[in-house]
Amino acid sequence: MMVIPAIDLLDGRVVRLQGGRYDAVTQYDDDPPARARAWRGKAAVLHVVDLEGAREGRPVQRDAVRAIVEAFGPGVQVGGGVRSRESFEAYLALGATRIVLGSAAVSDAAMVRALAAEHGGVVVVAVDARDGFVAVDGWTRPTRVRAVDLVRELADAPLAGLLYTDVSRDGMAAGPNVDSTAEIAASTKVPVIASGGVSCLDDLRALARRGIAACIVGRALYEGAFTLEEAIVAASVGRERGPG
């Protein structure tokens with residue numbers, strides 16, 4: 001299982017939201033490029049989220065993303081407010097390797113499919129869920145779309161990955177929702193990226209044993225629960241042990 005470190009951006013700083021709440025913010029760093037540079041060569045992919053962009057529906061932190069891409073090099077996966085072809089292409093122009101679309105998968109699935117067909121291995125669809133239902137607009141607006149139904153609807157699209165987040169657990173260090181993540185993975189052939197709640201190495205092992213392709217880690221790295229190197233080893237061991 002691939003381990004993907006995360007940088008969540010708000011006002012140009014590295015932060016984490018607790019449970020997807022913009023009024024519950026923990027700031028970790030005011031130099032995002034330095035964080036990216038420290039992980040360069042250690043992680044194959046770096047996940048970057050423009051939290052302001054996600055809430056406003058358009059990319060806001062372009063300058064910060066550009067600096068992060070320059071610091072990390074190839075492998076930056078970026079999302080947050082990508083709701084149009086223009087926003088998508090702007091991130092490509094900044095050097096992003098993969099681009100995450102979330103709300104657009106609900107509001108404009110035809111565009112998401114078209115972009116995936118035109119740009120092989122680039123489009124990642126974010127499925128952000130509360131109680132099994134998709135939340136959009138930076139996790140602020142619930143829908144009546146079931147997460148598993150959205151995944152099945154996009155099963156034939158040539159996606160690079162599906163990023164599944166249990167919003168209630170994101171940034172809470174309460175452990176990932178392993179069962180829901182495994183249910184999502186079982187409903188698609190697209191590689192699933194788990195996100196939200198990882199607090200210890202056993203969480204990574206549990207996801208790996210269920211065959212999850214990748215996992216995003218944020219708060220646990222920032223607060224020293226384990227190092228990126230330790231996480232990579234744990235994820236590898238978990239996968240080798242197989243299911244069960």
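This is a predicted model: local features need pLDDT of at least 70, side-chain atom pairs count only at pLDDT 80 or more; totals for chains, interfaces and linings use all residues.
**View 1. Helix α1 beside helix α3.** Helix α1, which covers residues 32-39, and helix α3, which covers residues 62-72, have axes that come within 8 Å and cross at roughly 25 degrees. Angles under 35 degrees count as roughly parallel, and α1 and α3 are therefore roughly parallel to each other. The crossing of these two helices, α1 and α3, is right-handed. On the α1 side the contact is made by P32, P33, A36, R37 and W39, which meet A67, I68, A71 and F72 on the α3 side. Sorted by class, the residues in the contact of α1 with α3 are 8 nonpolar and 1 charged, with no polar residues.

**View 2. Helix α3 beside helix α4.** Helix α3 also packs with helix α4, which covers residues 85-94, and here the angle is about 35 degrees while the axes are 9 Å apart. From α3 the contact takes in R62, V65, R66 and V69, and from α4 it takes in S87, A90, Y91 and L94. Sorted by class, the residues in this contact of α3 with α4 are 5 nonpolar, 1 polar and 2 charged.

**View 3. The second largest cavity.** The model has 2 cavities of 30 Å³ or more, and the second largest cavity, shown here, has a volume of about 30 Å³. Its lining is formed by D166, P176, N177, T181, A194, S195 and G196. By class, the lining of this second largest cavity consists of 2 nonpolar, 4 polar and 1 charged residues.

Definitions and conventions. Residues are numbered from 1 along each chain as its sequence is written. Side-chain values use heavy atoms; hydrogens and water are left out. On a 1 Å grid over the protein atoms alone, a cavity is a set of points where a 1.4 Å probe fits but cannot get out, and a pocket is an open set with protein on both sides within 12 Å along at least five of seven lines; lining residues have an atom within 4 Å of a point. Grid points are joined across faces, edges and corners, and a volume is the space filled by probe spheres set on the points. Ala, Val, Leu, Ile, Met, Phe, Trp, Tyr, Cys and Pro count as nonpolar, Asp, Glu, Lys and Arg as charged, and the others, Gly among them, as polar. Axes are lines fitted to C-alpha atoms, for helices over the stretch in contact, and angles run from 0 to 180 degrees between N-to-C directions. Helices (H or I, at least four residues) and strands (E, at least two) are DSSP runs, numbered from the N terminus. Angles under 35 degrees count as roughly parallel, over 145 as roughly antiparallel, 65 to 115 as roughly perpendicular and the rest as oblique. A crossing is left-handed if the near helix is turned anticlockwise from the far one by less than a right angle, and right-handed if clockwise. Contact means heavy atoms within 4.5 Å.
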